[in-house]
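Welcome! Take a look at the sequence and the model below, and then let's walk through a few of its residues and helices together.

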Amino acid sequence: MRLEIRLERPEDYRAVEELTREAFWNVYAPGCCEHYLVHILRADPAFLQELDFVAVADGVPIGSVMAAKGTILCDSGGRREVVTIGPLSVVPGYQRRGAGARLLEQVRRAARAQGYGALFLCGDPAYYRKQGFVPAARFGVRTEDNSYAEALHACELQTDALRGARGRYCEAPVYAVDEAAADTFDRQFPKKKKLRGTPSQQRFLEIAAQRQTANP
């Protein structure tokens, strides 16, 4: 498969929202809200436009990766700025063909070149640990609610970028999507059936449950 990986352009916006909707529909919950997140993320102060890439096949966007500023609130009292990755989207017909890996590698190279120290994301360990990410717990980094989570991953871009970064990782507030607003936004798109209890939803619940509260 021949892919072009390039920065997202304004003329891509609707296509990226549509492909994100297709990629996430019924995957983690009935329906999805990731296409709404894509829509609002572009206007958020935390958005990193220089790390916003699309994968194009035959002139059509089939994948997307976006990024935003994140923060580690260190136990030592300091703060570390890191990069939050997500959403990462590939339309179902192109999944498991390397597009997601290509997008991740592009954002990793670009972020490293721009001086960022580390990437963070939440996702399935079975996929992301094959893409160069490791458990954030390895660096003593927990979720914002102070738990070591199996789904939280990190990737150092610079040598020892996360040394001494033990603390709580915080995403930008934009990632806390308003479900009612997402439902309203979704009405702009063709109606799709929402399913409950899919295998991917069960997998998501299993991974989400794999967390341990840190000691006070």
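Where is the place of tyrosine 28? Tyrosine 28 sits in the loop between α1 (13-24) and α2 (34-41). A word on what you are looking at: this is a predicted model, in which local features need pLDDT of at least 70 and side-chain atom pairs count only at pLDDT 80 or more, while totals for chains, interfaces and linings use all residues. Residues are numbered from 1 along each chain as its sequence is written, and side-chain values use heavy atoms, leaving out hydrogens and water. Helices (H or I, at least four residues) and strands (E, at least two) are DSSP runs, numbered from the N terminus.

Buried means under 20% relative accessible area, exposed over 50%, and partly exposed in between (1.4 Å probe, protein chains only).

| Residue | Relative accessible area | Class |
|---|---|---|
| Tyrosine 28 | 37% | partly exposed |
| Threonine 84 | 1% | buried |
| Arginine 108 | 10% | buried |

Threonine 84 belongs to strand β4 (residues 79-90). Its side chain makes a polar contact (a pair of N or O atoms within 3.5 Å; within protein, one must be able to donate a hydrogen and the other to accept it, and residues adjacent in sequence count only if both atoms are side-chain atoms) with the side chain of tyrosine 169, at 2.6 Å. Not counting residues up to four places away in sequence, threonine 84 also touches others (contact means heavy atoms within 4.5 Å), including Met66, Phe120 and Tyr175.

Arginine 108 is found in helix α3 (residues 99-113). A polar atom of its side chain lies 2.7 Å from the backbone oxygen of glutamine 131. Leaving aside neighbours within four places in sequence, its contacts include Leu119, Gly132 and Cys155.

Which residues of helix α5 (residues 179-186) are buried? They are Ala182, Phe185 and Asp186. Seen down the axis of α5, these fall within an arc of 100° and so line one face of the helix; the arc is that of the directions from the helix axis to the C-beta atoms. Their cover includes α1 and α2. At the start of α5, a side-chain oxygen of aspartate 178 comes within 2.9 Å of the backbone nitrogen of alanine 180.

Helix α2 is largely enclosed by the rest of the structure, because six of its eight residues are buried. Among them are His35, Tyr36 and Leu41. The cover over the buried residues of α2 includes α1, β3 (60-74), β4 and α5.
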